[in-house]
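Subject: Structure for your review

Dear colleague,

Please find the structure below, followed by a short account of what was found in it.

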Amino acid sequence: EKTISKIAAGEIIENPAAIVKELIENSIDAQATSITVEIKGTATEGISVRDNGTGIESEDIDKAFLRHATSKMAQFDDLNYLKSLGFRGEALASIASIATVELLTKTKDSVTGSRTLVQHGDIVAQNKIGVPVGTTFYITDIFEHTPVRKKFLKAESVELHRIVDMVKKIALGTPHCAFKLIKNSRILFQSSTSTSLKDHVYSILGNMVAQMNYIEKDFDHYSVKAFFSDNTLYRSQRTEQYLFINGRYIWNVELARLIEKAYRSSIPLDRYPCFVIYLTIDPKLIDINIHPQKNEVKFSNGPMLMQSIRDLAEVSLATTKT
Ligand code: ADP
Ligand code: MG
């Protein structure tokens, strides 16, 4: 059984950044407005994620570490995919099978909090403890007992970069939550909750936002808020193209290509425009093919939707061309 769960875990938890992603997404699903990620030592030695979300009820803690146990309603369907970030109930079980996990949590209605220690997937200690409302996970010994997985890790600097990138991307898509990433007391990334989306994007992407135009439009069943680069801002790769659907980062190459066509005569042929698109849509209204791990989707009935986003890119570009 242990071997099976270790193999399965490898499919999701490939590196420390994947741990950070899963824990942050859980915090967001728990309505956190503040999330702090801390790396102590190297990225495989110790990672903690602290949030001020709902916390976990004492009686639900054991279940949280069971594979396929989720509190987030649980059919593997498109609908739920776009409502909460997690839904498969696998992340905690996977993390616990490849690392040591310590969980501190308290809900607002409980008098004390609790501490749970999980080793090799089993709960080995549990006690009451005074902690603030919210949840903190301490993850240590990452891949310590799965040396084969550990061998696949890249250099420490690469793994660290993956984490920074991940936190930045999630922060960009989650303006209602403040993020902090700390490594050995040094702040590597920070974002705060901003009143305007523009401030938020600026605080994360910095000066390049000055070369982007903001445009928003409400359609019948969805709304789009987007930043498109003008004809002076482009990249040699698709590195600054962000699409968030209901807050979830999505990669969709079809949409990227469609938008790029709008730029064809405005920027050099071998360059790519930059964009940040926030799409809000009733999950019932689009069909999506899910690749759970890749965050890749295909809109099967979304040509109109994609065309409307491309049109916005065109309008945005037209307003700045001289
Ligand atoms: P999923 O997110 O798919 O439900 P996970 O394995 O990631 O599955 O988490 C299992 C369960 O643990 C969640 O459904 C949730 O109830 C609980 N949980 C995990 N992290 C947190 C958190 N930071 N705050 C509150 N509850 C959490
Ligand atoms: Mg989850």
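Helices (H or I, at least four residues) and strands (E, at least two) are DSSP runs, numbered from the N terminus. Asn184 lies in the loop between β7 and β8. This is a predicted model, in which local features need pLDDT of at least 70 and side-chain atom pairs count only at pLDDT 80 or more, while totals for chains, interfaces and linings use all residues. Residues are numbered from 1 along each chain as its sequence is written, and chains are lettered from A and ligands numbered from 1 in the order in which they are written.

Strands β7 (residues 178–183) and β8 (residues 186–191) run antiparallel and are joined by five bridges; two strands count as paired if DSSP finds at least two bridges between them. Lys180 has Gln190 in β8 as its bridge partner. The two strands form a hairpin with two residues between them, and Asn184 in the turn has a positive phi of about 45°. Most residues other than glycine have a negative phi. Asn184 is exposed, with 10 other C-beta atoms within 10 Å. Here a residue is buried if 20 or more other C-beta atoms lie within 10 Å of its own, exposed if 12 or fewer, and partly exposed in between, with C-beta atoms placed from the backbone.

His120 also has a positive phi, of about 50°, although it is not a glycine. His120 is in the loop between β4 (113–119) and β5 (122–129), and is partly exposed, with 15 other C-beta atoms within 10 Å.

The five-stranded sheet

An open sheet of five strands has the order β9-β10-β13-β11-β12, with mixed pairing. Its edge strands, β9 and β12 (248–250), each pair on one side only. Strands β9 and β10 pair in the antiparallel sense over seven bridges, and Met212 stands opposite Ser229 in β10.

Helix α10

The 18 residues of helix α10 (residues 303–320) should span 26 Å at 1.5 Å a residue, and the end C-alpha atoms are 26 Å apart, which agrees. The expected span is 1.5 Å times one less than the number of residues. The buried residues of α10 are Ile309, Leu312, Ala313, Ser316 and Leu317. Seen down the helix axis, they fall within an arc of 135° (taken from the directions from the axis to the C-beta atoms), so they line one face of α10. The face turned away from this buried side carries the exposed residues Pro303, Met304, Gln307, Ala318 and Thr319.

Yours sincerely
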